[in-house]
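Good morning, and thank you for joining this group meeting. I would ask you to keep the sequence and the three-dimensional view open while I speak.

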Amino acid sequence: MPPNTPLLQGTLDVLILKALAIDQMHGLGISRRIAQVTGGTFQVKPGSLFPALHRMEEAGWLASSWGESENNRRAKFYRLTKSGRKQLKERTEQWALITAAMASALG
Amino acid sequence: MGFNYRGDGERAGLKGGKNTMRLRMLWRNLTRKQKVEDELNAELESYRQMLEDEGTARDAAREIGGKEQIKEAVRDVRAGAWLDSFWAEMKQSVRGLARNPGTALLGIGMLALGMTASTVIFSVFYAALVRPLPFREPDRLVQIWETRLNRSIDQASPSEANFWDVKARNRSFEDVAAAHDDQVNMTGMGEPEKVKILEISANFLQTLGVQPVLGRDFRAEDALAGWNTHVAIIGYKYWLSRFGGQQDIVGKTLRLNDRVYTIVGVLPPGEPWIDKQLYVPFGYHADANRGSWEFGMIGRLKPGVTVESARADLQIVASALGRAYAREDEGIGFRLEPSRRWVASNETRVALWVLLAAVVLLQVIACVNVANLLLARGLSRQREIAVRSALGASRGRLIRFVMMESLLISFCGTVSGLLGAFFALPAIQQLDLKVIPRLAEAQLNLWVLSFAVVSAVATGVLAGLAPALHAPTTRIASTLREGERQTVSRDQNRLRAALVTGEVALSFLLLTGAGLLTRSFSQLAKEKLGFQTENRLVFSVSMPGSYYERGIGKQFLDQFLTRIAVLPGVEAVGGINSRPVEGWDPGMTIDSSSRAESRVNHAPPWAAWRVVTPDYFSAVGLPLLRGRVFDEQDPSVWAEPGKPEPARRVILCERLAKMLFSDSDPIGKSVMVWKGQSNRSAEVIGVVSDSHERGPKSGDTLTVYIPYGRNALTSEFVVHTRGNPLNFVGPIRSILRKLDANLPLADVRSFEEIVNLSLSPQKFNTVVLSIFGGLALLLAVAGIYGVLSYSMGRRTAEIGLRVALGASGASILRLTVLQGMGPVLAGVVLGAVGASALSHSFVALLFGVKPFDLATYAAVTVLLLVTAVAASYFPGRRAMGVDPIVALRNE
């Protein structure tokens with residue numbers, strides 16, 4: 001991978017879920033969105049991104065379909081499923097707990 | 001905190017109802033592989049195009065990195081990825097092995113060999129030592145022995161009266177039962193036949209927890225008349241062999257010792273106790289004998305009662321008996337032997353453990369060889385592995401890939417090994433070796449198969465581990481650059497040397513074991529027995545009870561012996577109550593006043609007693625040293641009813657005479673026989689030389705000979721013949737038939753055969769361990785040879801260079817041999833250390849040899865070194881023949 005900052009185990013999953021919270025998106029879009037929302041801290045390379053996407057799709061959190069990109073390219077779009085949304089909610093809560101705990105620990 | 005920080009997507013996805021999703025994906029991935037792959041390609045391609053749209057092509061190429069690696073990573077997360085790659089690798093491994101049939105066949109052959117041997121030995125081991133007894137709750141069963149620790153007797157057969165008392169007085173046992181070995185003549189069914197029977201108390205089978213497969217068990221009312229019973233149960237094997245397994249056998253009658261018995265049941269197969277030919281019951285009677293030690297006693301503990309508390313309980317019974325019957329039971333105690341000790345003697349147990357250990361060693365050696373073989377292959381496959389790792393195969397996958405081959409080889413080896421065992425086991429059972437208990441019951445059952453599977457997996461992993469751990473450390477770039485001609489790294493050389501060392505050390509262990517047993521066996525075979533075994537015929541004729549009752553036994557015996565003695569070619573014939581070496585072993589405590597007063601030894605000796613006819617000593621070749629042998633005037637030592645006490649006379653063996661009278665002349669002196677039982681005194685009339693009455697292993701026996709008489713008959717006969725003793729069987733049989741057509745001539749053997757048979761356990765252990773040792777040596781040689789030829793092959797260029805620079809052929813040969821011998825020497829040292837540490841567990845199997853027998857160790861060392869030199873000689877010769885021009889051109 002390695003991103004500028006090492007990704008904590010499980011971080012990538014939640015970032016992808018979050019990126020797809022609003023609308024469906026293709027791989028590159030997800031990667032760009034993550035870079036944007038983290039202020040460039042996480043640069044997700046395809047070597048990490050695609051295995052994660054495929055894994056989450058097989059787990060049933062994401063669904064995919066082929067569509068047209070903004071530049072009229074054929075692209076595979078991913079969107080959250082119901083169980084994906086549930087995952088996002090659970091993971092977000094988990095992260096809130098962790099960050100609070102870590103913040104108070106490292107305070 | 002209430003959550004799991006592992007937050008691993010893949011694992012979470014497997015939970016709950018997502019499994020159906022996962023299964024659907026698995027199905028898709030496996031069945032529509034091409035479509036899935038195409039889609040992945042398209043996805044990555046579109047990603048690349050979009051990157052290009054954003055900026056320059058070079059940036060895109062850099063950002064996307066290795067496309068193949070990404071694809072590999074995606075494939076790895078797919079459902080069923082492992083299955084997929086497993087198949088792929090398996091196919092590849094099969095193809096790879098098929099390209100190198102030599103390696104594959106050699107590996108499979110070696111493992112199959114090891115597997116056949118270990119499966120057979122394990123199944124035998126399992127049947128003999130592990131398999132539960134065929135009795136209900138065998139953990140609660142014990143055998144009860146009498147002891148007289150005050151006379152250093154720690155195991156005596158209980159007497160009949162003591163059995164009835166233990167049965168009545170104990171509080172620990174649900175029930176106590178007894179059995180008595182006997183032989184009867186069965187008549188009325190063709191030729192008269194001697195049959196081994198077990199006389200059992202009517203509750204015996206119930207106490208054991210065995211139900212007849214046909215008919216019924218004995219009942220108390222079958223034995224109301226003490227020993228006067230009329231029903232019988234047939235043993236399973238005898239039912240099949242003698243009665244053809246007739247289903248309607250129950251209710252038929254047998255004529256045993258001229259009495260009619262009705263068959264009431266048939267026992268199931270099994271060992272021990274229930275493997276006799278016939279069973280008849282006996283019941284309580286008031287005048288049971290207390291002094292004669294002849295019975296086997298078993299007890300079933302009440303639930304929850306431990307052996308320890310039962311022992312304490314029997315101690316109370318023993319004290320009471322000792323007080324009540326001081327003459328017979330003074331100092332009596334009881335020893336309890338748990339049923340798991342019933343089947344195999346201590347020696348057999350040690351022998352089976354040794355064989356199992358040996359076969360495991362053999363398997364490990366085979367395994368090491370396969371590892372070596374694969375390692376060599378792994379080296380030539382480095383390039384392939386490098387390419388794979390360049391294409392993005394993870395370390396784990398590479399290990400799996402390399403392991404696959406060893407697993408395949410071990411799988412094939414296991415299957416062929418099991419197949420081998422399937423044929424080998426019945427073949428061994430055919431030999432009908434009496435030395436292994438329950439051999440006939442050995443089978444390839446679930447336990448044996450599990451053993452095979454476990455050892456197969458262990459073998460596969462073990463053999464594959466070394467090459468596998470090596471594979472991924474290969475540096476991709478250097479391997480690819482060097483192409484086919486990689487240098488063998490120092491590490492790999494060291495590993496291979498270590499494998500050879502291990503192999504040699506293990507072979508050392510096996511060969512030492514085999515050597516020690518061989519030495520023991522040859523010592524045993526050389527042992528001077530005391531009696532002469534050459535040209536001696538031994539057979540038995542048992543007279544039925546009616547002969548005793550009618551008092552015609554001695555008359556019969558005299559006629560029989562006289563008629564045999566006058567046969568042409570017969571030198572001498574004698575009778576004895578128990579045949580030497582294989583017979584039963586009645587004994588007594590014997591003492592003399594001079595010994596008791598000298599107080600050198602506190603305990604009086606325990607001696608075997610034998611009833612003999614006057615000519616027995618010359619028939620068996622025991623020279624008379626002092627005094628005289630018995631004659632017709634010497635009466636039986638047992639008083640006949642209504643007659644005065646006889647003038648008892650005995651003959652002692654030399655060692656016993658010395659023990660009782662030190663150096664003074666024993667002739668005419670008096671000894672106390674059956675001390676602590678009947679306490680009779682007897683006069684010593686002669687001394688004969690010592691003999692190994694109990695067989696070659698047990699050394700000279702202390703023996704008291706007592707004369708035959710009207711109530712002291714002999715059932716075993718020894719004939720000294722001129723020429724082959726077996727030629728005399730016919731004439732003797734016809735003499736017997738003329739005297740009594742109902743008496744069978746049984747257990748006919750030459751004395752030499754008897755001695756050989758008594759050594760057959762030792763022979764078996766020696767032969768089997770020697771075979772294993774030989775195989776180990778063979779495998780070690782193959783290993784050394786393989787390693788050396790390989791490494792010499794790799795060093796062709798170097799050797800070529802040496803030759804070009806003027807190295808002589810001899811020096812090249814020396815180089816090779818020295819390189820080969822290093823690890824071998826290390827192995828020999830390790831093996832010697834290991835063997836000396838382990839051989840102590842071996843003592844029970846040795847005879848006349850110390851566990852650390854220098855000669856054996858030296859011989860094994862020389863053998864290993866010589867074969868190792870030979871194994872390295874041929875690769876050395878080849879290296880000598882290297883043509884420098886050719887070698888260097890290849891470079």
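Let me begin with a question about chain A: which residue is the bridge partner of S65(A) in β3(A)? The partner is F77(A). Please bear in mind throughout that this is a predicted model.

The pair of residues just named belongs to a wider arrangement. β2(A) and β3(A) run antiparallel and are joined by 7 bridges. They form part of an open sheet of 3 strands in chain A, where the order is β1-β3-β2 and the pairing is antiparallel. At the edges stand β1 (25-26) and β2 (62-68) of chain A, each of which pairs on one side only.

How confident is the predictor about chain A? Its mean pLDDT is 83, and 92% of its residues reach 70 or more. Among the elements of this chain, strand β3 (residues 74-80) has the highest mean pLDDT, 90. The lowest, 86, belongs to helix α3 (residues 46-58) of chain A.

I turn now to chain B. The domain assignment divides it into domain 1 (9-79), domain 2 (138-341), domain 3 (348-525 + 761-890) and domain 4 (542-744).

Consider first how domain 2 and domain 4 of chain B meet. Their C-alpha centres lie 28 Å apart. To the contact, domain 2 of chain B contributes 16 residues and domain 4 of chain B contributes 14 residues. On the domain 2 side, the elements that give two or more residues are β3 (173-187) and β4 (193-201) of chain B. Of these, β3(B) gives the most, with 3 residues. What is the make-up of that side by class? The side of domain 2 of chain B that touches domain 4 has 8 charged, 6 polar and 2 nonpolar residues.

The largest nonpolar core holds 157 residues, and the members that touch the most others are L362(B), V704(B), F772(B) and A776(B). Helix α13 (residues 346-380) of chain B supplies the largest share of this core, 19 residues. At least three residues come from each of domain 3 and domain 4 of chain B. As for V704(B), leaving aside residues up to four places away in sequence, its contacts are M588(B), I590(B), A607(B), W609(B), V650(B), L652(B), L656(B) and V673(B). Apart from this core lies another, of 56 residues, and among its members are A179(B), Y279(B), A310(B) and I332(B).

One of those members, Y279(B), leads us to a strand pairing. Y279(B) in β9(B) stands opposite I233(B). The strands concerned are β6(B) and strand β9 (residues 278-282) of chain B, which pair in the antiparallel sense over 2 bridges. β6(B) also pairs with strand β8 (residues 259-266) of chain B, here in the parallel sense and over 4 bridges. In that pairing, T262(B) of β8(B) is the bridge partner of V231(B).

Which way do the residues of β6 (residues 231-234) of chain B point? V231(B) and I233(B) point one way, A232(B) and I234(B) point the other way, and all are buried. In a regular strand, side chains alternate between the two faces of the sheet.

I close with some local features of the loops in chain B. Between β8 and β9 of chain B, the loop contains P272(B). The peptide bond from E271(B) to P272(B) is cis, with omega near -15°.

For N535(B), phi is about 55°, and the residue sits in the loop between α18 (490-526) and β12 (536-540) of chain B. For V581(B), phi is near 70°, and the residue is found in the loop between β13 (570-576) and β14 (587-589) of chain B.

Is V581(B) buried or exposed? V581(B) counts as buried because it has 23 C-beta neighbours inside 10 Å, and the cut-off for a buried residue is 20 or more. N535(B) has 19 other C-beta atoms within 10 Å, so it is partly exposed.

G304(B), finally, lies in the loop between β10 (296-301) and α11 (307-324) of chain B. With 7 other C-beta atoms within 10 Å, G304(B) is exposed, the cut-off here being 12 or fewer. Its C-alpha atom is separated by 58 Å from that of I732(B), a residue 428 places away along the chain.

How values were computed. Residues numbered from 1 in each chain as written. Chains lettered and ligands numbered in written order. Predicted model: local features only at pLDDT ≥ 70, side-chain atom pairs only at ≥ 80, totals over all residues. Core = buried A, V, L, I, M, F, W, Y, C linked by C-beta atoms within 7 Å. Domains from an automatic or database assignment. Contact = placed C-beta atoms within 7 Å. pLDDT = per-residue confidence, 0-100. Pairing = 2+ DSSP bridges. Nonpolar A, V, L, I, M, F, W, Y, C, P; charged D, E, K, R; others polar.
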